[in-house]
Amino acid sequence: MAQKEWKSRTKHELMIEVWERLDCESVGARELEAVTAAVRERFGEGAVESPARVARLLADEGAELRHAEVLDLDVRWRTRDPHDAAFRNVLKFSTFEEAAASIRRLDNLRKQFGRNNDKAGLRRVQETVLKGKQRAQMIARNPSVNERKRAEKAEIAEWFTVWLNQPEIFEDWLALRLSSKDFRARFHEEDAPGA
């Protein structure tokens, strides 16, 4: 099933289209793997959803599920990356407080993975912080976001940058930054973490 054959524009439409092309009444491991492969090929690894979510979508469209196969595949999928639980919902930066807490949690993971010589975990920490920086920068450049929020996201992007360059000094740097006249003038003291 080559990518160029698909007519669907969205991921969920593609999942349904693949299932319909398979022309099967019931859905189990083989069908879910085919759907996942098409999503991965078309939209990339980040678009892949759990087998249980895919099965639920297809069941809503009328597919009969082979529950034991779906459950087994979903368990295997969820246990494939030992870091998933540690990184679930770790990246939050709606406020300065959330951003500081997220960076601290990620730094704790960095230290833990460093002690365990877990190179994959260390790489995942770096990737997560970089993703946070990129998202913050994207919001900071978005003209449809109000000016205050854009300034906050630009500030938070800078925090991520400092951590990426020298995580060991981040806490000291952040304390200095939060007490600086520039930060307090721009964002008022009550907005600062710990204020």
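The residues lining the largest pocket of this predicted model divide into 12 charged, 7 nonpolar and 4 polar. Here Asp, Glu, Lys and Arg count as charged; Ala, Val, Leu, Ile, Met, Phe, Trp, Tyr, Cys and Pro count as nonpolar; the others, Gly among them, count as polar. The pocket holds about 870 Å³ of space. Of its 23 lining residues, the closest to the centre are Arg80, Asp81, Asp84, Arg124 and Lys131. A pocket is an open set of points on a 1 Å grid over the protein atoms alone, where a 1.4 Å probe fits, with protein on both sides within 12 Å along at least five of seven lines; lining residues have an atom within 4 Å of a point. Grid points are joined across faces, edges and corners, and the volume is the space filled by probe spheres set on the points.

Helix α7 (119-141) gives the most to this lining, with 6 residues. Helices α4 (67-78) and α5 (84-87) each supply at least two residues as well. Helices (H or I, at least four residues) and strands (E, at least two) are DSSP runs, numbered from the N terminus.

Local features need pLDDT of at least 70, and side-chain atom pairs count only at pLDDT 80 or more, whereas totals for chains, interfaces and linings use all residues. Residues are numbered from 1 along each chain as its sequence is written, and side-chain values use heavy atoms, with hydrogens and water left out.

The structure holds 19 salt bridges. A salt bridge places a side-chain nitrogen of Lys or Arg within 4 Å of a carboxyl oxygen of Asp or Glu. One of them joins the side chains of Lys11 and Glu49, at 2.7 Å from N to O. This pair links distant parts of the chain, 38 residues apart: Lys11 sits in helix α1 (residues 11-22), and Glu49 in the loop between α2 (29-43) and α3 (51-60). Lys11 is partly exposed, at 23% relative accessible area, while Glu49 is buried at 12%. Buried means under 20% relative accessible area, exposed over 50%, and partly exposed in between (1.4 Å probe, protein chains only).

Arg110 and Asp107 form another salt bridge, also 2.7 Å from N to O. These two residues lie 3 apart in helix α6 (residues 96-115), so about one helical turn separates them. Both are buried: Arg110 has a relative accessible area of 18%, and Asp107 has 10%. Their side chains also make a polar contact, at 2.7 Å. A polar contact is a pair of N or O atoms within 3.5 Å; within protein, one must be able to donate a hydrogen and the other to accept it, and residues adjacent in sequence count only if both atoms are side-chain atoms. Leaving aside residues up to four places away in sequence, Arg110 touches Leu122, Val125, Trp163, Pro167 and Glu168. Contact here means heavy atoms within 4.5 Å.

Asp182 and Arg177 form a further salt bridge, with their closest N and O atoms 2.9 Å apart. Asp182 is partly exposed at 41%, whereas Arg177 is buried at 14%. Elsewhere, Arg30, Glu31, Arg66 and Glu69 are linked in a network of salt bridges.

Asp23 is exposed, with 69% relative accessible area, and Asn117 is exposed at 57%.
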